[in-house]
Amino acid sequence: MVTEIMTDKQFDKIIKMISMILDGCKDLDEAKEKVAELMDDTKNDKKE
């Protein structure tokens, strides 16, 4: 079993990225859509 530990610096970077995404959204549905797209991209990157 591999355990990944996220550093504070990595966590802060992720929070900033999410904040930037939310700032550009008009409503909650748009924000959910963008986050879902990012999650799909991440899953596809890990498969390759």
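On the surface, a patch of negative charge brings together Asp27, Asp29, Glu33, Glu37, Asp40 and Asp41. Keep in mind as you look around that this is a predicted model.

Let's step back for the overall layout. The protein has 2 helices and 0 strands. Of its 48 residues, buried ones make up 6%. The protein exposes about 4900 Å², and carbon and sulfur atoms supply 58% of that area.

Now follow the chain onward to the loop between α1 and α2, where cysteine 25 lies. Cysteine 25 has a relative accessible area of 14%, and because buried means under 20%, this residue is buried. Which residues does cysteine 25 touch, once its neighbours within four places in sequence are left aside? The contacts are Glu30, Ala31 and Lys34.

Two of those contacts deserve a look of their own. Lysine 34 and glutamate 30 form a salt bridge, with 3.7 Å between the closest N and O atoms. The structure holds 1 salt bridge, so this pair accounts for it, given that a salt bridge here is a Lys or Arg side-chain nitrogen within 4 Å of a carboxyl oxygen of Asp or Glu. Why are the two partners about one helical turn from each other? Because lysine 34 and glutamate 30 sit 4 residues apart in helix α2.

How covered are these two partners? Lysine 34 has a relative accessibility of 31%, so it counts as partly exposed. Glutamate 30, at 22%, counts as partly exposed too. To tie the picture together, cysteine 25 in the loop is in contact with both Glu30 and Lys34, the residues joined by the salt bridge in the model.

Methods: Residues are numbered from 1 along each chain as its sequence is written. This is a predicted model: local features need pLDDT of at least 70, side-chain atom pairs count only at pLDDT 80 or more; totals for chains, interfaces and linings use all residues. Side-chain values use heavy atoms; hydrogens and water are left out. Patches are made of residues with over 30% relative accessible area and no salt bridge: like charges are joined within 9 Å, nonpolar side chains (Val, Leu, Ile, Met, Phe, Trp, Tyr) within 5 Å. Accessible areas come from the Shrake-Rupley method with a 1.4 Å probe; for residues, only the protein chains shown count as cover. Lys and Arg count as positive and Asp and Glu as negative; His and the chain ends are not counted. The place of a charge is taken as NZ of Lys, CZ of Arg, CG of Asp or CD of Glu. Buried means under 20% relative accessible area, exposed over 50%, partly exposed in between (1.4 Å probe, protein chains only). Contact means heavy atoms within 4.5 Å.
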